[in-house]
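Thanks for coming. I will go through one structure today, starting with its pockets and ending with its backbone.

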Amino acid sequence: MVIYHLSTECYPIAKVGGLADVVGALPKYQNKVKGIDAKVVMPWYNKPFVHEHEFEVVFDGFIHQRSNMLQVQVMKEKTNVLGFELYMVRIPGLLDRDNPYGYQDESFQFLAFQQGILHWLCAMELRPDVLHCHDYHTGLVPFMVEHCPEFSFLQGVKTIGTIHNGEYQGMMNWNMANYMPSFDAYKWGLMDWNGFMNPLASMIKCSHAFTTVSEGYLEELFISFRGLESLVRQEFGKAYGIINGIDAEVWNPETDPMLDFNFNSKNAVAQKKKNKQKLCKEYGLNPKLPLFAFIGRFATEKGADLLPDVVWKSIKQSYGALNIMILGSGNTYIENKLKEYDYTYTNFALDLGYKEHLSHKIYASADFLLMPSRVEPCGLNQMYSMRYGTVPVVRYTGGLKDTVEDISTGGAGLNFTYPGVDDIVHAMNRALGIYNQKGIMEELIHANMNFDFAWEKSAEKYLALYNS
Ligand code: ADP
Ligand code: GLC
């Protein structure tokens, strides 16, 4: 079975968040199953990876969009260094940029990316079995495959859509339809939601099945989905929640080259302490105090707007008996407020930016990982932290609900219900109580490290879905 994963991100080439981690790992695990050939197709960005690896051109063509004509090349990485075939769609001036997102013309970018992929696939002798579309950036592929005569060669090919984050739907004005490949006008409703072209809605309508990255998140979408609630209820018969796994080869504390001191569950307590001491020294924190960490985008869905108040309140309430470290970037107001506290409190350390190495060091060093998310479709941070023996303190929502059970009901993490400062600080106080009971803390470290979040089980669920 030949499967193409279509995505704008893939670790380690271009990563903005968890989407990259999933697309960089899932195909690798699918390929371990006999008879499966899973590949990845993504845009060609101006990233170190493309300059450091050898590529060959496997397709050279054009996209016609009304008055636009774009050159498209598909480049294949020659050695399958990532454990799967990697194809990158190169569209000069539109996709060959430094980053996946943040450009004014993103609607053009993603439309062209999707058309480029389909032109290339249509030029092949054999059709693929499954096109697996990730998030709204490739959400129009199911419509295009089924309803655009230009791609009729692919009509009937099975399409699966995975919703990693329903907060982003890629809505566009209908004048963007001018840049679509031609389609029968009466089919416009398959792309429409409330008077806009909505790629995520179209993915739900036109794919043969769609998935969310946890069961908990799927349940929530019926109630809250930025306007698409009724659509997901109507299409629930082809909806599946499949939890993400983690790449146990990349995220292995025993071999992770980004750590100062590697460890396994036998020597975790001592080795984690050494990692913590080093990190605390570097950031001027007291290694004797418990270390709470947050890693992530400064977005309201992550509850990042609550962090400044959490910092001052938890430090004040505990009389300075804890450390907090935050790694991330995003909203400027949050960044500035946190910078201010970085100057004010010796118990608080801030590192602004995206730093893969540092994130690994923090997962390995911290005692607790905070995730006050308002929305969390799956969340990978909590799983990474658990694998690295760090106790997750998370809001009870989406994928966090499915992966972290509270210590009070036999789990090895801490849950709180509301994404509010008081609830978070209350959960941190509970964590402090646990930290002071050495035996329990050590048990939690081991229990967390022993959870099995390997991709195999979820990869199998996807395969079962393709087969169905
Ligand atoms: P999302 O995709 O919504 O941002 P996830 O929990 O699925 O959330 O994945 C986030 C991924 O991005 C994790 O691999 C996390 O370690 C990483 N990450 C987030 N922010 C940073 C940062 N500032 N530096 C390094 N890695 C980060
Ligand atoms: C999205 C979600 C996150 C999820 C990731 C990978 O970015 O916000 O919760 O873990 O996709 O599926």
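First, a word on naming: helices (H or I, at least four residues) and strands (E, at least two) are DSSP runs, numbered from the N terminus. This is a predicted model, in which local features need pLDDT of at least 70 and side-chain atom pairs count only at pLDDT 80 or more, while totals for chains, interfaces and linings use all residues. Residues are numbered from 1 along each chain as its sequence is written, chains are lettered from A and ligands numbered from 1 in the order in which they are written, and side-chain values use heavy atoms, with hydrogens and water left out.

Let me begin with the domains. The domain assignment gives domain 1, residues 2–247 + 456–467, and domain 2, residues 268–452; such bounds come from an automatic or database assignment. The C-alpha centres of domain 1 and domain 2 lie 33 Å apart. Their contact takes 21 residues from domain 1 and 18 residues from domain 2, where contact means heavy atoms within 4.5 Å.

Now the pockets. On a 1 Å grid over the protein atoms alone, where a 1.4 Å probe has to fit, a pocket is an open set of points with protein on both sides within 12 Å along at least five of seven lines, and lining residues have an atom within 4 Å of a point. Grid points are joined across faces, edges and corners, and a volume is the space filled by probe spheres set on the points.

The largest pocket holds about 1,100 Å³ of space. It is lined by 48 residues, and the closest to its centre are Val16, Gly17, Gly18, Arg297 and Lys302. Where does the largest pocket lie? Domain 1 and domain 2 both give residues to its lining, so the pocket lies between them. Elements that each supply at least two lining residues include α1 (18–30), β12 (291–298), β13 (323–330) and α11 (356–365). The largest share, five residues, comes from β12. By class, this lining divides into 21 nonpolar, 16 polar and eleven charged residues. For that count, Ala, Val, Leu, Ile, Met, Phe, Trp, Tyr, Cys and Pro are nonpolar, Asp, Glu, Lys and Arg are charged, and the others, Gly among them, are polar.

The second largest pocket has about 460 Å³ of space. Of its 18 lining residues, Val269, Lys273, Lys276, Asp367 and Tyr435 lie nearest its centre. Helix α8 (268–283) gives the largest share of this lining, five residues, and α15 (438–449) also supplies at least two. Six lining residues of the second largest pocket are nonpolar, five polar and seven charged.

β12 turns up again in an open sheet of six strands, in the order β14-β13-β12-β15-β16-β17, with parallel pairing. Two strands pair if DSSP finds at least two bridges between them. At the edges are β14 (348–352) and β17 (414–416), each pairing on one side only. Within the sheet, β15 and β16 (391–395) are joined over four bridges, and Met371 has Val394 in β16 as its bridge partner.

Last, two backbone details. Which bond joins Tyr11 and Pro12? A cis peptide bond does, with omega about 5°, and Pro12 is found in the loop between β1 (2–6) and α1. Asn80 has a positive phi of about 50° although it is not a glycine. Asn80 sits in the loop between β4 (68–77) and β5 (85–90).
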